[in-house]
Amino acid sequence: MNLGKAAKAIVAAVGGLCTALAPIVADNVIGAGELPAALSALVAAGATIYGVWRVPNNVE
């Protein structure tokens with residue numbers, strides 16, 4: 001398997017988990033309302049997309 005593809009998959013998996021957990025933590029732990037919880041999910045999703053985009057395709 002190509003190391004770059006594996007790295008992209010790992011970044012996507014961790015980012016997906018963070019995207020799923022961000023609104024839960026924002027709502028239940030921090031006590032934020034629904035809008036800040038949704039915004040935290042959008043920020044986490046944006047960071048995931050950026051992270052996957054920045055991982056090189058071919059690691060030499």
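The bend at a residue is the angle between axes fitted to the seven residues ending there and the seven starting there. Helices are DSSP runs of H or I with at least four residues, numbered from the N terminus.

## Basis of the model

This is a predicted model, in which local features need pLDDT of at least 70, side-chain atom pairs count only at pLDDT 80 or more, and totals for chains, interfaces and linings use all residues. Residues are numbered from 1 along each chain as its sequence is written, and side-chain values use heavy atoms, leaving out hydrogens and water.

## Helix 1

Helix 1 covers residues 3–29. Its 27 residues should span 39 Å at 1.5 Å a residue, and the end C-alpha atoms are 37 Å apart, which agrees; the expected span is 1.5 Å times one less than the number of residues. At Leu-21 the helix bends by about 30 degrees, and Pro-23 follows within four residues.

Gly-4, Lys-8, Gly-15, Ala-22 and Ala-26 of helix 1 are buried (under 20% relative accessible area; exposed is over 50%, partly exposed in between; 1.4 Å probe, protein chains only). Helix 2 (34–54) is included in what covers them. Just after helix 1, Gly-31 has a positive phi of about 85 degrees.

Thr-48 lies in helix 2 and counts as buried because its relative accessibility is 15%. Thr-48 touches Val-11, Ala-12, Gly-15, Gly-16 and Thr-19, not counting residues up to four places away in sequence; contact means heavy atoms within 4.5 Å.

Gly-46 also lies in helix 2. With a relative accessible area of 35%, Gly-46 is partly exposed.

Definitions and conventions: Helices (H or I, at least four residues) and strands (E, at least two) are DSSP runs, numbered from the N terminus.
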